[in-house]
Amino acid sequence: MRTKSKMIIGAILALIFLAAIITWVSRKSISEKIVNEGMTLLEKGQYDEALKSFNKAYKWNGKSAQALLGMARSEYHLSGFQQALEHVGSALGIDSTLTDAWYYQGLLHIKTEKKEDALADFSHVISLDSLYARAYYQRGIVRAGMLDYLGSVADYKKAMALDKDNIETYLKSIEAKSALEDFKGAIADYDKLLSIDLNNEEAYINRGQLKMNISDLNGALADFNSAISINPANADAIFFRGSTYARKGEYQLAIADFKQSVTKKHKVGKALYNKALANINLQKFNDARGDLKELVKIEPENADAYLNLGVISSMTNDFKGSIPYFDKVISLRPDYADAYMNRAVSKGNLLQYAESIPDYNKAIELGVKRPEVYYGRAVSEINLNQLDQACEDLHKAKELGYQPADILITRHCKNK
């Protein structure tokens with residue numbers, strides 16, 4: 001009788017246990033289904049709705065790491081970073097091998113400015129899955145933020161090898177290489193990027209600027225022209241093409257592009273300034289003067305513009321007219337060495353020798369090492385009969401390679 005009772009009790013317990021298993025499996029299955037629904041909402045960018053789904057899934061299965069991770073991902077996009085960190089931590093407490101959880105924890109540590117923690121998270125992802133391209137990409141970003149550009153370049157290289165079509169990685173790699181002044185390496189990355197996206201006009205413009213950095217002016221010109229062929233209205237491409245023409249000494253072409261920049265109201269100040277310099281090189285002084293006067297109307301504190309207005313006056317022998325421009329430069333920038341140098345030259349040409357010497361002194365004090373500054377001061381000193389100082393300056397000018405000093409040395413410094 002007792003044996004029969006035990007059998008009945010055992011059967012009842014087995015049924016209860018089976019029912020519990022069936023209930024657990026059922027709840028787990030329902031939870032997984034709701035998680036999948038949440039993932040669909042997440043991919044559509046419906047983060048509030050996704051978060052509700054993941055919360056619901058977690059209620060059905062309190063041990064669902066995927067539900068917790070889904071909650072964290074939704075909260076990440078909703079900027080609820082601290083709550084997201086708690087949920088992703090709980091997910092990892094359930095399943096420490098969940099690579100996506102480590103990855104999102106890294107992203108959250110970036111958002112909460114914990115770079116060292118983020119670096120450790122992405123490194124852990126890579127230790128779990130060495131083919132996780134986005135982990136290399138994000139670790140590269142963290143390393144760049146910590147000024148470890150060599151490390152970031154290595155990570156971007158790995159990310160590019162794993163995901164050849166991710167343009168973002170090429171751009172980040174270019175940033176890091178540019179910071180290292182590895183312009184050729186950055187250009188090589190743009191080459192790869194443009195093989196993926198042939199009509200990326202910004203990439204042509206940026207590669208062109210990098211080529212200018214390594215003095216590949218023809219290559220830069222080709223890139224700016226490529227950008228313009230894609231979009232003839234691209235104002236950046238037109239401006240930089242003008243800059244390239246100017247560096248190549250093709251001033252008329254440069255002026256045409258800078259005119260377009262002014263017309264398009266793009267980089268107007270820089271365009272007017274560079275147009276003026278091109279006109280100075282062509283000895284079109286009136287045109288250059290007009291450009292610079294237009295520039296100071298819109299940038300009244302542009303010291304470079306006033307300096308060049310003074311230089312134009314000097315080049316056209318209006319030394320008296322040049323001095324107020326140099327005065328203006330010095331009032332704006334008291335440490336502008338070239339302004340003192342040029343003002344000294346103008347004063348010397350106006351026979352104001354005593355007044356010129358303090359300007360030469362200031363130019364030298366501010367770091368001007370050109371031989372002309374010593375030669376010019378010597379001329380003023382000779383006219384003031386300060387021969388000892390003059391001969392010292394003439395010898396200094398000669399040491400710096402200024403051969404005309406020999407004539408005055410022979411004439412004034414035979415015994416000095």
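This is a predicted model: local features need pLDDT of at least 70, side-chain atom pairs count only at pLDDT 80 or more; totals for chains, interfaces and linings use all residues.
1. Helix α8 spans residues 149-162 and helix α9 spans residues 167-179. Their axes come within 9 Å and cross at roughly 155°. Angles over 145 degrees count as roughly antiparallel, and α8 and α9 are therefore roughly antiparallel to each other. The crossing of α8 past α9 is left-handed.

2. On the α8 side, the contact is made by Tyr-149, Ser-152, Val-153, Tyr-156, Ala-159 and Met-160. On the α9 side, the residues are Thr-169, Tyr-170, Lys-172, Ser-173, Ala-176, Lys-177 and Ala-179. Sorted by class, this contact between α8 and α9 has 8 nonpolar, 3 polar and 2 charged residues.

3. The count of disulfides in the model is 1. The bond is formed by Cys-391 and Cys-413, with their sulfur atoms 2.0 Å apart. A pair of cysteine sulfur atoms within 2.5 Å is taken as a disulfide. In general terms, such a link is a covalent bond between the sulfur atoms of two cysteines.

4. Where do the two cysteines lie in the chain? Cys-391 is in helix α22, which covers residues 387-399. Cys-413 is in the segment after α23, a helix covering 405-412.

5. The angle about the S-S bond is -95°, and the link of Cys-391 and Cys-413 is left-handed. Are these cysteines buried or exposed? Both Cys-391 and Cys-413 are buried.

Terms used
Residues are numbered from 1 along each chain as its sequence is written. Side-chain values use heavy atoms; hydrogens and water are left out. Axes are lines fitted to C-alpha atoms, for helices over the stretch in contact, and angles run from 0 to 180 degrees between N-to-C directions. Helices (H or I, at least four residues) and strands (E, at least two) are DSSP runs, numbered from the N terminus. Angles under 35 degrees count as roughly parallel, over 145 as roughly antiparallel, 65 to 115 as roughly perpendicular and the rest as oblique. A crossing is left-handed if the near helix is turned anticlockwise from the far one by less than a right angle, and right-handed if clockwise. Contact means heavy atoms within 4.5 Å. Ala, Val, Leu, Ile, Met, Phe, Trp, Tyr, Cys and Pro count as nonpolar, Asp, Glu, Lys and Arg as charged, and the others, Gly among them, as polar. Buried means under 20% relative accessible area, exposed over 50%, partly exposed in between (1.4 Å probe, protein chains only).
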